[in-house]
Amino acid sequence: MDLQAITEALRGKVGSESGLDAILKFDMGADGLAVIDGKNIPNSVSNEDREADCTVAITRENLIALLSGELNPMNAFMMGKVKVSGDMGVAMKLQRVVG
């Protein structure tokens, strides 16, 4: 799954109103990034780097696993597969977004 496919998958999961009420960035390092704007309705997903309330550093493979349901967000955090910076409350809503 390339960056475009990941972005489309996130768009499908986020929908028009995710309830996130924040900006969440998935930073995949050299593989790119995906930013969910959950503050504006309808919500949007882009690959444009911008300030975020919460940033999740994750590998592309682990993000794909999250999106497919193979990796639980809480388990990913506990196992060190994701690193969260910023508002931890936003990170706690991740299950709602990718679930």
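**Exercise 1. Find which elements cover the buried residues of H2.**

Step 1. Start with the cover: H1, E1, E4, H3 and H5 are among what lies over the buried residues of H2, where contact means heavy atoms within 4.5 Å. These labels number the helices (H or I, at least four residues) and strands (E, at least two) as DSSP runs from the N terminus.

Step 2. Now look at what is being covered. In H2, the buried residues are Asn62, Leu63, Ala65, Leu66 and Leu67. Buried stands for under 20% relative accessible area, exposed for over 50%, and partly exposed for in between (1.4 Å probe, protein chains only).

Step 3. Check what follows the helix: after H2 comes Gly69, with a positive phi near 85°.

A word on the model before going on: it is predicted, so local features need pLDDT of at least 70 and side-chain atom pairs count only at pLDDT 80 or more, while totals for chains, interfaces and linings use all residues. Residues are numbered from 1 along each chain as its sequence is written, and side-chain values use heavy atoms, with hydrogens and water left out.

**Exercise 2. Work out which residues touch the most other members of the largest nonpolar core.**

Step 1. Know what to look for: a nonpolar core is a set of buried Ala, Val, Leu, Ile, Met, Phe, Trp, Tyr and Cys residues joined through side-chain atoms within 4.5 Å. In soluble globular proteins, nonpolar side chains tend to be buried together.

Step 2. The largest core has 26 residues, and Leu10, Leu24, Phe26, Ile36, Val56, Ile58 and Leu63 touch the most other members.

Step 3. Trace where the core comes from. Two or more residues each come from helix H1 (3-14), strand E1 (23-27), strand E2 (33-37), strand E4 (54-58), helix H2 (60-68), H4 and helix H5 (94-98).

Step 4. Zoom in on Leu10. Leaving aside residues up to four places away in sequence, Leu10 touches Phe26, Ala34, Ile36, Val45 and Leu67.

**Exercise 3. Find which helix gives the largest share of the nonpolar patch.**

Step 1. List the members: Met74, Phe77, Met78, Met79, Met88 and Met92 form this surface patch. Patch residues have over 30% relative accessible area and no salt bridge; like charges are joined within 9 Å, nonpolar side chains (Val, Leu, Ile, Met, Phe, Trp, Tyr) within 5 Å.

Step 2. Sort them by element. Helix H3 (73-78) and helix H4 (88-92) give two or more residues, and H3 has the largest share, 3 residues.

Terms used
Accessible areas come from the Shrake-Rupley method with a 1.4 Å probe; for residues, only the protein chains shown count as cover. A salt bridge is a side-chain nitrogen of Lys or Arg within 4 Å of a carboxyl oxygen of Asp or Glu.
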